[in-house]
Amino acid sequence: MLVRALTVVGASACLVLGLLFPWIKTPVIIGLCYGLAALGVAILMRAGQVSFGHAMYACIAGYTVAFLARAFPTLDGLILIVAGVVTSLASAALIGLFVVRYREIFFGMLNLALSMVLFSVLGKFYEVTGGTDGLRVDRSTIAGFAFDRAGYETALLVVTLVAAVGLGWSVQRFFGSAAGETLAGIKTNETRLEYLGLSARRILWNGYVLSGGLVGLSGALFALLQGLVTPELGYWVRSGEFVFIAILGGAAHALGAFIGAAVFQVIQLFGAAFFAGVWKLLLGATLIAVILVAPSGITGLLPLTRRSKGPGKLELQTAAGRA
Amino acid sequence: MELVRTEKLALRFGGVVVADDIDFSLHEGERLAVIGANGAGKTTFINICTGFLKPQSGKVFFTGQEITALSPRHIVRLGLGRSFQLPQLFLEHTVRQCLELAAIGRSGSLSFFSPLAASVDQKEVDHTLDVTGLRDRAGELASSLGEGERKLLDVAMALVLKPKLLIMDEPTSGVASEEKHGIMETLMAALAERKVTSWFVEHDVDVVTRHATRVAAWIAGRIAADGKPSEVFADPEVQRQVLGTH
């Protein structure tokens, strides 16, 4: 009930605010894109893994959109988004085969290393990628309709909002499914999974591909919104922001990614406006406060799932020691 | 029917011999108790037979099929289940969910959309909760269980897989002595009801005498004595090095 209420209130607020105050559409879409990306990162966090390089999938999808839009200028925005997501899914499926062999810091750093390889390649091959200047993405039609700037942003807001609500719901279903619960099992006892006849690597790979697709979707939407893709889209700082938001919101519920993104956007927006020199300090202080007060993230404070009553830190440490 | 057979199984950790050319077999219907001092190689032998460790030489067979090079999950799928000295549970899941995850392991079907509870046979889960006495704790997180209940849940998860053979590594270790017999009675009744052959590591002579039909005594990586409990306990070497009574 609380989840429905929060979803309805949040989605309505995004739409109403976007229509009443046109300047707010862009930050809302960006916030939702961050939410989608953080949702992808949160899937891996359910398995106890943190990727510091997932922005590479946003980058892959973004450049796919840019290349296709330049090669086929009449392609519809929705087709570009689908193409971006498919490419990021395919990339995650391939890269995942390699990285799911590793855990914890090795998993995180390997993803970071691969994302930085992509970042460097995109920056160096100027003739193809536009180097650090990136590639422009002209405004496309959305569902067959050509819009002016304001209409285009409204259409993107609606598409992003529908995707966020639909995928948020789907990912929450996934969390409670057999595949989702076995993914959570990797975090607490991978050995036992193997002794139940299940392949932990395969389970993590499933989650990794799903996660890459979600981050890819955020990148494709971002490319259409900004009208420009640069290697910065896949820079490690961006990956760090996704992790930051996922931790802020918490991985206990899919809603956490969007709550985290909302808090992140509000701090970024108002911090930059009123505390220009120290807004990143505000971000850091917020994260420290969340870690101290709510180690399971903001959703950990809400009665959303049974996991909010999870075992204490001491019991988890003892279990880790045993394993 | 022969379930497990090992041929000249050998493994050394540096200069320490943990499996010394072990020839061993276990037949359907037996209740084998493995005894031995700490470090004798009992758990290592289990780890080799269940695919966690690979031997330096020798072979392991399960129901006639060689499993020496197979991974634990492949061996489990053949019908060889195990529980652990330190219970291996999903501490952030409830007792029922732990069993449901085990049932997923049995079916092998990983649905991405339907709830975990709807993906498994709940009658099987309920039955396992009943026979292991965990029904009252079904909704509790596994992390909230006491040590004895954790042991029961550890075995219950292996039971859901409907193994032909269940290897239990010290199912009563870390449990108060007054609880030991209760736990073993519960486990043995559950195994008998499902006609599962069992092999358990145990230090308590009373428990072994009461529940085993066969005893194998491990000393320094080899089987020093193997036979009926009364015969093995009468062996002078076992009395001296395992029981410490001679």
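Predicted model: local features only at pLDDT ≥ 70, side-chain atom pairs only at ≥ 80, totals over all residues.
In which hand does α3(B) pass α5(B)? The crossing is right-handed.

Chain B holds nine helices and ten strands. Its C-alpha trace spans about 55 × 40 × 35 Å along the principal axes. A compact globule of 246 residues would have a radius of gyration near 18 Å, and the 18 Å of chain B agrees with this. Of these 246 residues, 48% count as buried. Contacts between residues 24 or more positions apart make up 63% of those in chain B with a separation of 6 or more.

The helix pair named at the outset lies within chain B. Helix α3 covers residues 95–107, and helix α5 covers residues 147–160. Their axes come within 8 Å and cross at roughly 30°. Angles under 35 degrees count as roughly parallel, and α3(B) and α5(B) are therefore roughly parallel to each other. From α3(B), the residues that meet α5(B) are B:V95, B:C98, B:L99, B:A102, B:A103 and B:R106. They face B:L153, B:A156, B:M157 and B:V160 of α5(B). By class, this contact has nine nonpolar residues, no polar residues and one charged residue.

One residue of chain B stands out for its backbone. B:E170 is not a glycine, yet has a positive phi of about 50°. B:E170 sits in the loop between β7 (165–169) and α6 (177–193) of chain B. Is B:E170 buried or exposed? Other C-beta atoms within 10 Å number 20. The threshold for a buried residue is 20 or more, so B:E170 is buried.

Chain A has 13 helices and two strands. The globule rule gives 20 Å for its 323 residues, and the radius of gyration of chain A is close to that, at 19 Å. Chain A is therefore as compact as a globular protein of that length. The C-alpha trace of chain A spans about 60 × 40 × 40 Å along its principal axes. Of the 323 residues, 51% count as buried. In chain A, residues 24 or more positions apart account for 79% of the contacts with a separation of 6 or more.

A helix pair was also examined in chain A. The axes of α3(A) and helix α9 (residues 200–226) come within 7 Å and cross at roughly 45°. That angle makes α3(A) oblique to α9(A). The crossing of these two helices is right-handed. On the α3(A) side, the contacting residues are A:Y57, A:A58, A:C59, A:I60, A:A61, A:G62, A:V65 and A:A66. Among the residues they meet in α9(A) are A:G212, A:V215, A:G216, A:F222 and A:L224. By class, the contact has 13 nonpolar, five polar and no charged residues.

Three further sites in chain A were placed. A:P73 lies in the loop between α3 (55–71) and α4 (77–99). With 9 other C-beta atoms within 10 Å, A:P73 is exposed. A:P73 is 214 residues from A:L287 in sequence, and their C-alpha atoms are 42 Å apart.

The other two sites lie in helix α5 of chain A. A:E104 is found in this helix and has a positive phi of about 55°, although it is not a glycine. A:E104 counts as exposed, with 10 C-beta neighbours inside 10 Å. A:V121 also belongs to helix α5, which covers residues 104–124. A:V121 has 13 C-beta neighbours inside 10 Å and counts as partly exposed. The C-alpha atoms of A:V121 and A:T132 are separated by 10 Å, and the two residues are eleven apart along the chain.

Finally, the two chains meet. How many residues of each chain are in contact with the other? In chain A there are 27, and in chain B 29. On chain A, α7 (149–176), α8 (178–194) and α13 (313–322) each supply at least two residues of the side that touches chain B. The most come from α8(A), with eleven residues. By class, this side of chain A has ten nonpolar, ten polar and seven charged residues.

Methods
Residues numbered from 1 in each chain as written. Chains lettered and ligands numbered in written order. Contact = placed C-beta atoms within 7 Å. Helix = DSSP H or I, 4+ residues; strand = E, 2+ residues; numbered from the N terminus. Nonpolar A, V, L, I, M, F, W, Y, C, P; charged D, E, K, R; others polar. Axes fitted to C-alpha atoms, helices over the stretch in contact; angles between N-to-C directions. Parallel < 35°, antiparallel > 145°, perpendicular 65-115°, else oblique. Left-handed = near helix turned anticlockwise from the far one by under 90°. Rg over C-alpha atoms; globule rule 2.2 N^0.38 Å. Buried ≥ 20, exposed ≤ 12 C-beta atoms within 10 Å, placed from the backbone.
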